[in-house]
Amino acid sequence: MSHPQIEELSSSDSDPSIDDPTEFAPNEILRPSKIPSKPSPRQPNIDHLQPQFPQRTNDPEKHKHYQCLYPLYFDASRTRAQGRRVGKNQAVMNPLARTIVDAVATLGLTTVYEPGKIHPKDWGNPGRVRILLKDPQTGRSTMGSKIKNKHHLYIQVSEYLQKHPTTADTPLRYRVAGMPVPDKPIPPPAVPR
């Protein structure tokens, strides 16, 4: 068993020499980093990967009068209290926001697709579709005679979703900017037993 011992050390034994900060010029201490001035290589144009219809925008003020549609409104696994807006017989399993965009596009309405937005009750299925139903200046309907009201729009979209159900390959049809197109099918996630 060893016992602690006290040793006496002088300050000059092992400390490196400490420089006085007043010996340095301020421009030597804070100098700009050496960043190369040559321009970075041009980023590839990925606009052709994004769908041309609907619009994507970061200007919420321009689209604040648009009505929102979320996939939750058409999900058969949800109840009305959980956010479903159509009847059980009109709802579908696992609707995607991009499929809702396709449904609204067939109706010819002005649409904005917001893939990063989520409904507070359905954070696992991202995406929101904004639709211009009424002209903000006149207050008149922009839907024409095809769509009578918002609930009729829900019914039209649910009919499209029933004709085009979501499958395991449906998400692979939609390209995402910056993501490579998979050459092999993506394996399903592991599910605990």
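In the predicted model, F74 is in contact, once its neighbours within four places in sequence are left aside, with L69, V86, A91, V92, P95, I100, Y154, V157, S158 and L161. F74 also belongs to the largest nonpolar core, which has 27 residues, and F74 is listed together with L69, I100, I131, L153 and V157 as the members that touch the most other members. Two or more residues are given to this core by each of the elements β1, α2, β3 and α3, and the largest share, six residues, comes from α2.

Helix α2, which spans residues 97-107, has nine of its 11 residues buried, so this helix is largely enclosed by the rest of the structure. The buried positions of α2 are A97, R98, T99, I100, V101, D102, A103, V104 and L107, and the elements against which they pack are β1 (67-69), β2 (111-114), β3 (128-131) and α3. Just after α2, the backbone at G108 takes a positive phi of about 80°.

Among the elements of the chain, helix α3 (residues 150-163) has the highest mean pLDDT, 93, whereas helix α1 (residues 26-29) has the lowest, 62. Over residues 42-53 the pLDDT is below 50, and this stretch has 12 contacts in the model beyond near neighbours in sequence.

Technical notes:
Residues numbered from 1 in each chain as written. Predicted model: local features only at pLDDT ≥ 70, side-chain atom pairs only at ≥ 80, totals over all residues. Heavy atoms only, no water. pLDDT = per-residue confidence, 0-100. Helix = DSSP H or I, 4+ residues; strand = E, 2+ residues; numbered from the N terminus. Contact = heavy atoms within 4.5 Å. Buried < 20%, exposed > 50% of the residue type's maximum accessible area, 1.4 Å probe, protein only. Core = buried A, V, L, I, M, F, W, Y, C linked by side-chain atoms within 4.5 Å.
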